[in-house]
Structure formats: structure tokens, C-alpha cells
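The sequence and the model come first.

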Amino acid sequence: MPITLTINGQVRTLDVAPDTPLLWAIREQAGLTGTKYGCGIAACGACTVHVNGQAVRSCITPVSEVEGATVTTIEGLAAGGALTAVQQAWLDQQVPQCGYCQSGMIMAVSALLAERPNATDADIEASITNICRCGTFARVRKAIHGLVSAAQGGA
Ligand code: FES
Ligand code: FES
């Protein structure tokens with residue numbers, strides 16, 4: 001069944017069953033493999049994308065639920081090749097280790113900071129529940145602190 005949605009600024013019509021998880025529509029139909037599969041049960045966050053600006057775990061989101069929505073994947077962040085502030089912070093702090101979880105982590109953090117540029121540690125704990133098997137949590141938090149500090153006019 002054709003499902004039409006906008007992915008990274010492009011209107012796409014995908015021929016998928018309505019209960020297909022958005023993750024697989026993105027990876028297999030749209031060919032965007034930056035979004036990862038980790039658990040398939042909304043536990044790890046590797047599959048996080050933005051749907052109408054909100055961080056969503058695409059492994060449990062039926063594609064029929066996002067008909068007509070605006071979806072952004074990790075490939076859609078660096079418009080024109082210019083890294084976002086979050087992506088640059090990830091490089092500056094050398095956050096990724098194996099990298100597998102990091103597209104989902106970056107999408108989750110990007111959504112948090114878009115909504116709360118002054119995010120507190122409590123906000124981080126509530127919103128960034130992504131799992132990283134390499135244990136990059138301390139650097140994730142350091143990078144977020146730097147972004148919050150910059151948003152507040154600090155270094
Ligand atoms: S693959 Fe979706 S939350 Fe783990
Ligand atoms: S960087 Fe390896 S799983 Fe997170």
C-alpha cells in the first residue's frame with residue numbers, strides 16, 4: 001500500500017504494508033541506512049528519527065502512523081554539508097566509539113535541545129534514554145553541557 005511522507009525534505013511514496021515499522025521503510029524502501037536497528041522493542045534508541053520534530057523510535061512506529069508527516073533522519077541533519085551544532089560537538093568531544101548507537105543518540109539530543117536549549121541534567125536523564133554498549137554516556141553528557149553552555153552565551 002503506497003504511503004506518502006516527507007523524508008529529509010523530499011516527498012517520498014513508499015510501497016509498504018501499513019504495519020511496516022518506519023525503521024524498515026526508511027532503511028529498505030527509502031535506502032537511508034544511517035538509522036540503525038538495535039532491539040526492535042523501543043528500548044535502545046538506535047532507531048531514533050524525528051517525526052514532525054519529535055524524537056521517535058522508528059522500530060515500533062508503524063509507517064501508516066506517519067502518513068503525511070515530516071521525517072528527518074541522520075542523513076537529513078547536515079543540510080548543504082554543514083554540520084549541526086550537535087554533530088560538531090560530537091566531533092569536538094570525540095563522543096562516538098564504535099558509532100552504532102550514535103545516529104540515534106544525535107537525533108535524540110537534537111530533538112531535546114531544539115525544544116530545551118537550556119536542558120538540565122534532569123531533562124537529559126528524562127529524554128536521553130538511548131543505550132550505548134560502548135559506554136559513551138559521560139562524553140554524551142559533556143557534549144550536551146557544552147551545547148547548553150554555548151546557548152547560554154558561555155564558551
Ligand atoms: S531498535 Fe528501536 S529502540 Fe532499539
Ligand atoms: S558508540 Fe558504540 S554503541 Fe554507542
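## Terms and basis

A residue is called buried when its relative accessible area is under 20%, exposed when it is over 50%, and partly exposed in between, with a 1.4 Å probe and protein chains only. Helices (H or I, at least four residues) and strands (E, at least two) are DSSP runs numbered from the N terminus.

The model is predicted: local features need pLDDT of at least 70, side-chain atom pairs count only at pLDDT 80 or more, and totals for chains, interfaces and linings use all residues. Residues are numbered from 1 along each chain as its sequence is written, chains are lettered from A and ligands numbered from 1 in the order in which they are written, and side-chain values use heavy atoms, with hydrogens and water left out.

## Overall fold

The protein has 5 helices and 5 strands. Read from the N terminus, their order is β-β-α-β-β-β-α-α-α-α. The C-alpha trace spans about 50 × 30 × 25 Å along its principal axes.

For 155 residues, a compact globule would have a radius of gyration near 15 Å, and the protein agrees with this at 15 Å. That radius is taken over C-alpha atoms, and the globule rule is 2.2 Å times the number of residues to the power 0.38. Of the 155 residues, 42% count as buried. A contact means heavy atoms within 4.5 Å; among contacts between residues at least 6 apart in sequence, 54% join residues at least 24 apart.

## Helix α5

Helix α5 covers residues 137-151. Its 15 residues should span 21 Å at 1.5 Å a residue, and the end C-alpha atoms are 21 Å apart, in agreement. The expected span is 1.5 Å times one less than the number of residues. After α5 comes glycine 153, whose phi is positive, near 90°.

Which residues of α5 are buried? They are Val140, Ala143, Ile144, Leu147 and Val148. They cover an arc of only 140° around the axis, which puts them on the same side of α5. The arc is that of the directions from the helix axis to the C-beta atoms. An α-helix has 3.6 residues a turn, so residues three or four places apart point the same way. On the other side of α5, Ala138 and Lys142 are exposed. The buried residues of α5 pack against α2 (85-92), α3 (102-115) and α4 (121-127).

## Nonpolar cores

A nonpolar core is a set of buried Ala, Val, Leu, Ile, Met, Phe, Trp, Tyr and Cys residues joined through side-chain atoms within 4.5 Å. The largest has 23 residues, of which Val86, Trp90, Met105, Val109, Leu113, Ile128 and Ile144 touch the most other members. The elements that give two or more residues to this core are α2, α3 and α5, and α3 gives the most, with 7 residues.

Leaving out residues up to four places away in sequence, isoleucine 144 touches Trp90, Val109, Leu113, Ile124 and Ile128. A second, separate core has 17 residues, including Ile3, Leu5, Ile26 and Val51.

## Salt bridges

Side chains of opposite charge can pair when their charged atoms come close. The structure holds 3 salt bridges, each defined as a side-chain nitrogen of Lys or Arg within 4 Å of a carboxyl oxygen of Asp or Glu. One of them joins aspartate 123 and arginine 116, with the closest N and O atoms 3.3 Å apart. Aspartate 123 lies in helix α4 and is buried, at 15% relative accessibility, whereas arginine 116 is partly exposed at 42%. Not counting residues up to four places away in sequence, aspartate 123 touches Leu112, Arg116, Asn118 and Ile128.

Arginine 141 meets aspartate 121 in a salt bridge of 3.4 Å, N to O. This pair links distant parts of the chain, with arginine 141 in helix α5 and aspartate 121 in helix α4, 20 residues apart. Arginine 141 is partly exposed at 24% relative accessibility, and aspartate 121 is partly exposed at 35%. Arginine 141 also meets glutamate 125 in a salt bridge, at 3.0 Å, N to O. Here too the pair links distant parts of the chain, with glutamate 125 in helix α4 and 16 residues from arginine 141. Salt bridges that share partners join Asp121, Glu125 and Arg141 into one network.
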